[in-house]
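Here's a quick briefing to read with the structure open beside you. We'll go through the sheet, then a helix, then the aromatic rings.

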Amino acid sequence: MKAGELHSRLPTLVAQRPVCVLGSAVIDVIADAYSLPWRGCDIELQQQSVNIGGCALNIALTLSRLGIASKNALPIGQGTWADIIRASLDKQGIESEIHTSSGDNGWCLALVEPDGERTFMSFRGVEHQWNQQWLDKLQLAPGTLLSLSGYQLAGPCAELLVNWLESLDAVTAFIDFGPRIADIPATLLARIMACKPIVSLNRQEAAIAAEGLKVAGDDIDGICRAWLERYDAPLIVRLDKQGAWYCSHTAIGHVAPFPAIVVDTIGAGDSHAGGTLAGLAAGWSLADAVSLGNAVASYVVGHRGGDCAPHLEQLNEALLLADENV
């Protein structure tokens, strides 16, 4: 969809399906780096900010700002980082189903290079302490869209989470494997894909998937077709300023990007997932939902920090401006 068409469509962004977001809430310490550190070096960083982050939290925040309610399974612990996260969530009206006293939440150092590219170094916390008792709290209605991250599916509780996923009835998983796609054992990946999830990958992750599919990493159409043949499940490939591809058993296509001046790419993929999930929850087609994801991500890369997903009115204004500038 073009900007004007998406703007006209936004009044229909009303949830028709429930959404559950499972994953991490962590602290992002974001700093500018003139280059990435090398072995034995000593570089000076310029701190940008200290934000709440984590893939799942960014998705939950995006959904909330777009007016889509979600059930959030974001483990919140006890400690310095957890206190910051809890206060921020309370301020933004976001609730989590999971609370624990078994430790603090994790944190991440994000280095942002001059071109906006980011590199993460993460420290684990309670967000990787999944157990059956937590999962049993999540009673998911048929038709639920369940957001999952590769950070959990490649983590120490992966087997538990996949067992739980396999036990769910009439639930559609939406998985952003992220950079951990290469860390998931083939047997576990096969079990995950047997659940027919909607998967979202960026270009680097798609190139990793292409190796297993025996196609060229830059042949996005070929990746989509091989993915459908192998898994018979929907796929989204995000290509930054080149938009995104999508495929399902009914269609393969390209969704155009929206204009953006890139300042910081932190949270762009998570926000794209949140926008796409919002469209799917409203009953939009996969193509239209991906278009919404593109619009949200284009807004996010123009702002500093990972927790800057637009409110619906902000997205409306951005789409109107983009339409006027065409």
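**The sheet and what goes with it**

Eight strands make up an open sheet with mixed pairing, running in the order β4-β1-β7-β8-β9-β10-β11-β12. At the edges sit β4 (71–73) and β12 (252–255), each of which pairs on one side only. From one strand to the next, the twist averages 15°. Keep in mind that this is a predicted model.

**Strands β10 and β11**

- Take β10 (residues 235–238) and β11 (residues 244–247): these two strands pair in the antiparallel sense, over four bridges.
- If you want a spot to look at, go to Val237, whose bridge partner in β11 is Trp245.

**Helix α11**

- Helix α11 (residues 286–300) packs on the sheet, where it touches β10, β11 and β12.
- The direction of α11 makes about 155° with that of β11.
- The helix is mostly covered, with 14 of its 15 residues buried.

**Aromatic pairs**

- The count of aromatic pairs comes to four.
- One of them is Trp227 with Tyr231, an edge-to-face pair with 4.7 Å centre to centre and 65° between the planes.
- Why are Trp227 and Tyr231 separated by about one helical turn? Both belong to helix α9 (residues 220–231), and they are four residues apart there.
- Trp227 has a relative accessible area of 3%, so this residue is buried.
- Tyr231 comes in at 16% relative accessibility; the cut-off for buried is under 20%, so Tyr231 counts as buried too.
- Elsewhere, ring pairs link Trp81, Trp107 and Phe123 into a cluster.

**Charges over rings**

- Tyr231 turns up again here: the charged end of Arg230 sits over the Tyr231 ring, 5.9 Å from its centre.
- Which ring does the charged end of Arg9 sit over? That would be the ring of Trp284, with the charged end 4.5 Å from the ring centre.

Notes: Residues are numbered from 1 along each chain as its sequence is written. This is a predicted model: local features need pLDDT of at least 70, side-chain atom pairs count only at pLDDT 80 or more; totals for chains, interfaces and linings use all residues. Side-chain values use heavy atoms; hydrogens and water are left out. Two strands pair if DSSP finds at least two bridges between them. Axes are lines fitted to C-alpha atoms, for helices over the stretch in contact, and angles run from 0 to 180 degrees between N-to-C directions. Contact means heavy atoms within 4.5 Å. Buried means under 20% relative accessible area, exposed over 50%, partly exposed in between (1.4 Å probe, protein chains only). Rings of Phe, Tyr and Trp (its six-membered ring) pair if their centres lie within 6.5 Å; planes under 30 degrees apart count as stacked, over 60 as edge-to-face and the rest as tilted. A charge sits over a ring if NZ of Lys or CZ of Arg is within 6 Å of the ring centre and within 35 degrees of the ring normal.
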